[in-house]
Amino acid sequence: MSTETLSFQTEAKKLLHLMINSLYSNREVFLRELISNASDAVDKLRFEALENDELLGEDTELGIAIDFDEEAATITVADNGIGMTRDEIIENLGTIAKSGTEEFLKQLTGDKKADATLIGQFGVGFYSTFMVSDEVEVLTRRAGTDVGTKWTSSGEEGFTVEDAEASRGTSVTLKLKEDAKEYLSSYRLREIVRRYSDHIACPVTMQSLDKDKQDERDTVNTATALWSRSRSDISEDEYKEFYKHISHDFEDPIAWSHNRVEGRLEYTSLLYIPKRAPFDLYNPDAERGLKLYVQRVFILDDAETFLPMYLRWVKGVVDSNDLPLNVSREMLQEHKAVETIRNALARRVLDRLQKVATDEPDAYGEFWDHFGNVLKEGTVPMNPNRETLIKLLRFTSTQDSVSSGEEHAPQRISLKDYIERAPEDQEFIYFVVGDNEQSARNSPHLEVFLSQGIEVLVFGDPIDAWMMSHLDEFEGKKFQDITRSSLDLPENKEEEEETAERYGDVDEPLLERIKAVLGDEVESVRKSKRLVDSPACLVLGEHDLDLHMRRVLEASGQKVPRSKPSLEINSTHSLVEHLSQEQDEARFEDLVHLLHEQAVLADGTYPIEAGTHVKRVNRLLTELLA
């Protein structure tokens, strides 16, 4: 096939522009990225060779070679792994065929440090070569094919591809920029390899430093699978660099858990907790899961079966001695060992998070800001680690009076914190759910709790109503939604007389008269013991579906019957007192509808008819100003 000149995909051009303009604060990571890619290629060849050993041929010693030429100012990183076809190299190096690319690019801010983290998570480390190169040449041939391909680019508008003679695998040659020639040093390159890539499981070799052994090569790295080594032999820096190798993240993890299990099942796991959420955390098509090895042989890059979905952000490796080498994704779904390993790994992650929460509360708070809503997905009753997970949940409450205008964020507390702060005779854990946190804090249902100093958990995330539909109690304390009709408040004998005087007796005919105006819009009309400042509020029955849960179900395409709330009125409010004395029936009806519509707006239960509401307000204003 003749030489082709092709253009980079638009998204690739944007990334290249960022790279060439030194997005990365530390340029030497280009070597780490190339070695990481080469290591993946070696792993993939080992895996494919399990079913077709002819792919290896006579070249069975797999590894990575680094060479440099001072005179030509080039560095070459070569592997004899799986290699690429012409079509694969065009797809892999010329386009970014990943789900969520558009969302990813939107998140790039221009802040070099923040954007470097995002780009690392996106897994396009190959482009980092253009930070140090005027030109990059890739020579590759896929295992099992006869024709090689050469790919060349200066990292600007496009690239060229042409047929070429090539050995199996891939070699990447960088023509260094003038200000990058510091890397034309054996000592400098070795130092970078040992710092970033010592954990690579295949040998990384360079020409011997011994002048008498110029034809020999030294293995620069340890060349032993890091997770197979004893924890006491692995430094903190090695753990961190291995995380960056498998995750392509440019930040250190918050924590990790390295464990070997022996007995009925034998496996090793190394699990990492990232510092921040990836851009595609909520993308259902995003790649996720652990790297799976069987007896140290690479099998899958994204074995999602080994962790539940609420832990989909965890990075790491699981190496099993009990799975067959030819295991497939389909087989993993059915293999009896997988569920046992899955539950154990989930428990290990949660235990590690609990330690972070206890020992490093600030770090856990930062983690919660990124991953808290995903952890809430795990509160379903069938989760075997549910009780451990619930202890990790964090909430804001009415004890933190942060308003939207203040700079600091509300303090988050655990359920244990809530119980410890509550009076001993308080039987319930009270909570309120809103469209967002500020609307929940403005709920009229909170008034009696605020007046009596009773703490209420404040929920304002879309998933919260769903989560609370699965939570009944914690350490013997039942959860109670304060917007429900069956509200139980702690008894306070000292305030009984004051309360009776405050609410007084509402004229039953007035309640009946209001109900007659509203008709089927409400289930009932009754006096309230929860209101202090507001004239009215809506309350749902114990088993009615609330607004937020209804939205979740409707978004999934389900038809949900509309709940009919009751209207509670504050008998001491001046508007209610005026209603009881209103003789003009038309004005009475307008006031009742306004009272109801105010309650609807405050509750957000369902939309009011804006045109009718405006006419009613205008009519009353005209009478007032006449």
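Me: Which residues of helix 3 are buried?
Reply: In this predicted model, they are R86, I89, L93 and G94.

Me: How do you know that these buried residues line one face of helix 3?
Reply: Look down the axis of helix 3. The buried residues fall within an arc of 90°, so they line one face.

Me: Which strands does helix 3 lie across?
Reply: Helix 3 (residues 86–94) lies across strand 1, strand 4 (133–141), strand 5 (148–153) and strand 6 (158–164). It runs at about 160° to strand 6.

Me: What is the strand order of the open sheet?
Reply: The order is 1-6-5-4-7-3-2-8-9, over 9 strands. The pairing is mixed.

Me: What makes strand 1 and strand 9 edge strands?
Reply: Strand 1 (4–7) and strand 9 (217–219) each pair on one side only. From one strand to the next, the twist averages 20°.

Me: How do you know that strand 2 and strand 3 pair?
Reply: Two strands pair if there are at least two bridges between them. Strand 2 (residues 64–69) and strand 3 (residues 74–79) have 6 bridges, so they count as paired. Their sense is antiparallel. Within this pair, D67 stands opposite T76 of strand 3.

Me: What does helix 2 touch in the sheet?
Reply: Helix 2 (residues 29–48) packs on the sheet and touches strand 2, strand 3, strand 7 (169–176) and strand 8 (204–207). Its direction makes about 20° with that of strand 3.

Me: Why is S186 called buried?
Reply: Buried means under 20% relative accessible area. S186 has 12% relative accessibility, so it counts as buried. S186 is found in helix 6 (residues 186–196). Leaving aside residues up to four places away in sequence, S186 touches F68, M206 and L209.

Me: Why is H248 called buried?
Reply: The cut-off is under 20%. H248 is at 16% relative accessibility, so H248 counts as buried. H248 sits in the loop between helix 7 and strand 10 (255–261). Its phi is positive, about 65°, although H248 is not a glycine.

Me: Why is A223 called partly exposed?
Reply: Partly exposed lies between buried, under 20%, and exposed, over 50%. A223 has a relative accessible area of 24%, so it is partly exposed. A223 lies in the loop between strand 9 and helix 7 (236–247). The phi of A223 is near 60°, a positive value in a residue other than glycine.

Me: Which residues have the most contacts inside the largest nonpolar core?
Reply: They are L292, F306, L311, W313, L353 and L375, in a core of 78 residues. Helix 9 (residues 336–359) gives the most to this core, with 11 residues.

Me: What does L311 touch?
Reply: L311 touches A346, V349, L350 and L375, with residues up to four places away in sequence not counted. Apart from this core lies another, of 51 residues, with A49, M84, V172 and C202 among them. In soluble globular proteins, nonpolar side chains tend to be buried together.

Me: What is the mean pLDDT of the protein?
Reply: The mean is 85, and 88% of the residues reach 70 or more. Over residues 402–407 the pLDDT is below 50. Beyond near neighbours in sequence, that stretch has 7 contacts in the model.

Conventions. Residues numbered from 1 in each chain as written. Predicted model: local features only at pLDDT ≥ 70, side-chain atom pairs only at ≥ 80, totals over all residues. Heavy atoms only, no water. Core = buried A, V, L, I, M, F, W, Y, C linked by side-chain atoms within 4.5 Å. Buried < 20%, exposed > 50% of the residue type's maximum accessible area, 1.4 Å probe, protein only. Helix = DSSP H or I, 4+ residues; strand = E, 2+ residues; numbered from the N terminus. Contact = heavy atoms within 4.5 Å. Axes fitted to C-alpha atoms, helices over the stretch in contact; angles between N-to-C directions. pLDDT = per-residue confidence, 0-100. Arc of directions from axis to C-beta.
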